[in-house]
Each structure stands twice: as structure tokens, then as C-alpha cells.
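Good morning, and thank you for making time for this item.

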Amino acid sequence: MRYVEIVARVAPGDAEAVCDALRDVTGADVWIERRFSQDDLETDARIDVASPAVVHAYASAGGADSVARSALAAMTRASISAAISTCMVDEEDWAESWKEHFHVERFGDRIVVVPSWRTYDVQPDDVVVTLDPGMAFGTGQHETTRMCLEALERAVRPGARVLDVGCGSGILAIAAAKLGASDVLAADVDENCVRIARENARKNAVDPVTRVDEGSLAAAWPFDTDAHGFDVVVANIIARAIVELAPSLVAALAPAGRLIVSGVITARERETCAALEAAGARIDAVRAMAEWRCIEATRA
């Protein structure tokens, strides 16, 4: 089915009124596109209040010209100055269309991430992770996830205990289990991520050895018990969180345990390494992909 998309560029303060007017004209919902500014990849985005807002509305394809005239008349009645344009668009299932860009990918020598809706002929020695990320971060396409997967392939040994902090889709926890880890604990503060990670663990048949909990690192790792530390701890989050959690991340390691952290932008690399060293870790390697860094360390 085809639709007429009505695009109105207006002053930021008029956006809500324009939404009401276009909603009356089309009888359908509308949305506002605002310009955002962000100082860096870790800073919260802010609405740029000086830039025009763009209001989008949709109407059935019949009578495109009359819809545009009606929209302009509605703006005039509301004494709103707006630049209005229209174009024809095809209906698209946005909930599914993103899947076209998610393909089978290999990481390192053995790990292969396969979207749940695609087929793959498994090769000898492949470690296959079947994934449906849903609304959670972690498909393997982002540089930080790629570097963590490749580091896990080097670090995880059969029987290892692994902790995944900020597990997202569960991709790293599942990969660790598939690499031979006998006990994997994954944690995330987002309940949607926890639900998705649990489902992905079940689909990959690693749920018997993989536990996914909702909560922070402090909730996931029982510091007040005599539990042994983890052989591998991986945290693909952001530098600010890694710096804050550095003492807990290192404390969660078994003696000589391996720490893998990513989501660190170039400007925060030195600060993150310093925090980990102050917490008792020895930096072994720093890998770079684009503006991102993956830091590998050992509990000293």
C-alpha cells in the first residue's frame, strides 16, 4: 500500500500545534523529528532547540494534492509558518526490515554469528551462535562486540567460569558457553535485555550452564560469599561505567583471571587503563577498531 508523507518544517515551539493540526487532517498519528547534539559518544544527547523541528504525517495515497492543501490551510488557521512538502512512500514493516542488514558473520577463527532467520552450513570447528537481538544491543556488527568476541575466543578455556556484565542480547555469554565455559553468569540492568538474553540462551541450548540475572554487577557477583572468582570477566559497556566499576570488575576475577572491557572511546582509553591498574589489574593489550578500544587485562 502507498501513502502520502506530509513533511512540515516548523519552529521548535510550534511542533506540537502542527502535530495536532496534521492529526486532524489525516486522521492518523504523527511524529516529530528533532535535531540532537552530542559532545561525544558517552554524553547524553540534547535537543537542539535552535534548529527547526520536522513533523511527519501520513495519509492514504488518493488525493495527495488535496491533503497537502488541507495541511497548509490548517497551518494558516493556526497562524503557524511552515514549509510543507509531500512525497509518496510505500508501506514497510519497520519491525522486520532491519533484518535485511543482519547477515551471517565470522569472528576470529571459530565463532560464527547466525541470525535466527537465516540458514548456515556449519563447518568443522565452528562455534555457532544463533541470535535474535530484538531490542537489545549486540549483533556482532558493532566494533566493540566484534573485538570482545575475538578476545573471548582467545581467553575462554573448557570448564572456565565467565561473567558477562551488561550482557545485552547475550551474544558474549552464549559465545563463552559455546567455547566450553562450564558456568556463565550474565547480568544487565535492562529487563528487556534480560528477557532477550534468556531466550537466546535457550535457543542456543546453553541455558543449563548460563544464568541471566537482572541487576548491576554488585547484584550479580556475590562479594559477601566465599564463591571463587571468574576465569574471564567481559564488560562491553562504556568507559564511564568501566571506570566506576573497575574495583568490582577486578575483584570478580579469579587469581590470574582475564578481564576484557570494551565500549571505550579513544579519548577515554588512558583514563580507563589507569582505573583498571589502580584496581589491581595488569594491562596486557589494547586493540583498536575505528574510534573504539578493547582492553585486555589480567588480575595482577
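A disulfide, as the term is used here, is a pair of cysteine sulfur atoms within 2.5 Å. Please keep in mind throughout that the model is predicted.

With that cut-off, how many disulfides does the structure hold? The count is zero. Consider Cys148 to begin with. Its closest cysteine sulfur belongs to Cys294, and because the two sulfurs are 4.6 Å apart, they are too far from each other for a bond. Cys193 is likewise in no disulfide, the nearest cysteine sulfur being that of Cys167, 6.6 Å away. Are these cysteines buried or exposed? Cys148 has a relative accessibility of 0% and so counts as buried. Cys193, at 9%, counts as buried too.

Let me now turn to the chain as a whole. Its secondary structure comes to nine helices and 16 strands. The chain has 300 residues, and 43% of them count as buried. If we take the contacts with a separation of 6 or more, residues 24 or more positions apart account for 63% of them.

Ala246 is found in helix α8, which covers residues 239-251. Its relative accessible area is 0%, so Ala246 is buried. Which residues does Ala246 touch, leaving aside those up to four places away in sequence? They are Ala275, Leu276 and Ala279. Ala275 lies 29 residues from Ala246 along the chain, yet their C-alpha atoms are separated by 6.2 Å.

The side chain of Arg154 reaches the backbone oxygen of Glu150 at 3.4 Å. Between Arg154 and Gly108 there are 46 residues of separation in sequence, and the C-alpha atoms are 8.8 Å apart in space.

Next comes helix α5, residues 171-178. This helix is mostly covered, with seven of its eight residues buried. The buried residues are Ile171, Leu172, Ala173, Ile174, Ala175, Ala176 and Ala177. Just after α5, Gly180 takes a positive phi of about 120°.

Not counting residues up to four places away in sequence, Thr210 touches Ala173 and Ala177, together with Val184 and Ala201. Thr210 itself is found in strand β12, residues 210-214. Why does Thr210 count as buried? Its relative accessibility is 10%, and buried means under 20%, so the residue qualifies. A polar atom of the Thr210 side chain lies 2.9 Å from the backbone oxygen of Val206.

I shall close with the largest pocket. Its volume is about 310 Å³. Of the 14 residues that line this pocket, those closest to its centre are Val165, Gly166, Asp188, Val189 and Ile237. How is the lining made up by class? Eight of the lining residues are nonpolar, five are polar and one is charged.

Thank you for your attention.

Terms used: Residues numbered from 1 in each chain as written. Predicted model: local features only at pLDDT ≥ 70, side-chain atom pairs only at ≥ 80, totals over all residues. Heavy atoms only, no water. Helix = DSSP H or I, 4+ residues; strand = E, 2+ residues; numbered from the N terminus. Buried < 20%, exposed > 50% of the residue type's maximum accessible area, 1.4 Å probe, protein only. Polar contact = N/O pair within 3.5 Å; in protein donor to acceptor, adjacent residues only side chain to side chain. Contact = heavy atoms within 4.5 Å. 1 Å grid on protein atoms, 1.4 Å probe; cavity = no way out; pocket = protein on both sides within 12 Å on 5 of 7 lines; lining within 4 Å. Points joined across faces, edges and corners; volume = space filled by probe spheres on them. Nonpolar A, V, L, I, M, F, W, Y, C, P; charged D, E, K, R; others polar.
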